[in-house]
Amino acid sequence: MDTRRSLFFLFSIFICYGLSAQESQITFLEEEITIDGQLDEVVWNKLPIHTNFTNYLPENNKIASNQTEVKMFYNETSLFVAAIYHDTTPKVQLSSLKRDDNWNTIAMSDSFVMALDTYNQQQSGYYFAINGGGALVDALIERTGDSFRLNTSWNTIWKGSSSVQGNKKIYEIEIPLKSLGYKKENTNWGVMFHVRDIKRNEWTTYTHMDRNYRIFDLRFSKQLTIDQLASASASRITLIPSITVDHHEKTTTDTKETTITPSLDLQYNISSSLKLDATIHPDFSQIDVDQQVTNLTRFAINFPERRNFFLENSDLFSGLGINSVNPFYSRRVGALSDIIAGMKISGNLTKKTRIGVLDVITKEEDSITPSQNYGAFVAQHQISNAFTGTAFLINRQEMDNLRLIDDYNRVAGINLNYKSANNKWTGLANYGKSFGNEYSGENEFYHMGVWYSTAETTFDVSVHKVGRNYITDVGFVPRLTNYDATNDVVVREGYTQARVKADLRHFSKERKHIDSYRYLLLDNEMNWNENGKLIQSSTFFNNALWFKDLSSMYFNVIYDYNDLKYAFDVLRNGNSIQPDVYRYVSFQAGYNSVRNKKVQYGGSLRHGSYYNGTRSRLFSRIEYRLLPIARLRLIYEVNKIDLKALGEQTFHLARFTGEVFFSERFNWTTYVQYNTQLNNFNINSRLQWEYKPLSYLYLVITDNFDKHIHRKNWGVALKLNYRLDI
């Protein structure tokens, strides 16, 4: 009897080990399938199942009541993924059919998400998602100081299809291996699967993770073995020629102009992990429009990059500093004059070493705006499981007939990232130094930051110092420059900034009426000048309550101390706030409705003192979703500022967004923006047709008026591009 029990025990262990081994690998099969969302090929019955999903939101850590089964295999050219979500209803709820609109197409729709860390370094990865209407979103996952972010401007060719069979929601995906960067010698990939059921307002995940982490945090990916990549061909040339015809009329000067601009983007895979990008005349200005904002600070704001050339491995270049001190901001390149051409090599040299090399030449506009050469070199190495180091050199140098001359700005630096084994602690240290032909000394940047995060407690503290000559012509350091409205001059001054933030939150176990509440969020930022004198401090207090349906209400208190050194004309009427010491406090309350209904809304009220006067702010938004046909959204913000003898002003900002979906490949988007601070009323209407994968035809009409609705200029643009993969 004992012998039989022992044999049975050993046999059980063998079976469990075999099943576990199957579940921890991606199977290689010489099979071809059709991506139609039906899963009727025999191959899908041969594969191990990845299941046992857990709840991420709203009931964190519990086994999901609606389970998902995922199967994967790959052949010589592609990775194939199938997911079956066992719903309790055949209904599919969507919020958008627009490609790369991750918030509406994926987060606010029934959808399936997969993240791939092909180097298994937990530094960067790929994000592929599909919703129940077949709309696709792809993105790069980029590491930030303490977390990760998505760059949805990146695109690649892949296929996806979805269907409904009874209560089962089926997603089927094919990703060409040539669309991914990887090292054939690395046989372990990090993989994450997520399912969004917006009807239940629920996220479920394949790997356990707490709600305080972003759902694409690669530290929680599961390692799967993929060991026959040597037979997969990764050689590829991608060509994207495009042509833009733009007609523009300025009614204020009665001038007209029609331009025809050809451009070309090229990508060549030097290896499966190293890519070469080249561009000639990249352009996006006629097609895309930035969302306008009301800026009541003394410093500039930035906007995202959209040009294809800068997107591949963009985290190598964009993550060289911190949010407020970034030595490389790619939208500086080509901002003053058009780009003639550029070339970039980026990717992995080895499993643990990444590089990025970039060089761009802009044309000469006039004697004030000469030709420039922009260069960047970045090397990143994973020192250990806990530490990753980065070194970089950024260069801007004037050119004369393709000859470099002695007018330059260079920034060099090193960064060190830390992550603990339990994923609770992260750290970041930065050092940078700038060099120029017109200055020396006080040209360094230091930063140190530590973050701690659990489900109910997050804490971070950081400090950085910027010298007055830490000049980054290709970067973004807004606080370094101060505009003096009285003397109409810009003064450069160094500073030191410290920040402390603590967030304490409790999650209800019963969830009868309340999901969670934040009983304290404290965020304090202090700034000292070069002499060590405190010049600005801002303290933010927040309490918030989330109901069972995840609607929420909140209350804020904001206290500011400002030792203003330079006059500030916030009203834009010529009457500036004069240098003095100001202390002011404001109170804010707001509400956000549940997000899985056809009609969503939210708003807030803020009132309090502001410098030597008062400020009142009203913010409201409403959205109506008539899917799969349309989505309408209206945002209105008004700021009323009363500075007594200096005057008073009311700034209105209204933004309407209307989207009509003829299919997941053909849509019509219209933006109407009214901004009295910028004296601009703008209409931008765009028809977009993806006539083949990642090949687009755009028709865009733009009309600009002043705040009194007097036309300033208008234009119409037609752009056609064609993506050719060889």
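W689 is partly exposed, with a relative accessible area of 41% (buried means under 20%, exposed over 50% and partly exposed in between, with a 1.4 Å probe and protein chains only). This tryptophan sits in strand β37, where strands (E, at least two residues) and helices (H or I, at least four) are DSSP runs numbered from the N terminus. The model is predicted, so local features need pLDDT of at least 70 and side-chain atom pairs count only at pLDDT 80 or more, while totals for chains, interfaces and linings use all residues. Residues are numbered from 1 along each chain as its sequence is written, and side-chain values use heavy atoms, leaving out hydrogens and water.

Confidence comes next. The mean pLDDT, the predictor's confidence in each residue from 0 to 100, is 89 for the protein, and 95% of its residues reach 70 or more. Over residues 7-21, however, pLDDT stays under 50, and the model has zero contacts there beyond four places in sequence (contact means heavy atoms within 4.5 Å).

In soluble globular proteins, nonpolar side chains tend to be buried together.

Charged pairs complete the picture. The whole structure holds 34 salt bridges, each a side-chain nitrogen of Lys or Arg within 4 Å of a carboxyl oxygen of Asp or Glu. One of these joins D407 to R396, with the closest N and O atoms 3.3 Å apart. Because D407 lies in strand β21 and R396 in strand β20, the pair ties together parts that are 11 residues apart in sequence. D407 is partly exposed at 25% relative accessibility, whereas R396 is buried at 9%.

E623 and R625 form another salt bridge, their closest N and O atoms being 2.6 Å apart. E623 is buried, with a relative accessible area of 2%, and R625 is buried as well, at 5%. Both residues belong to a network of salt bridges that also links K98, D101, R631, R633 and E659.
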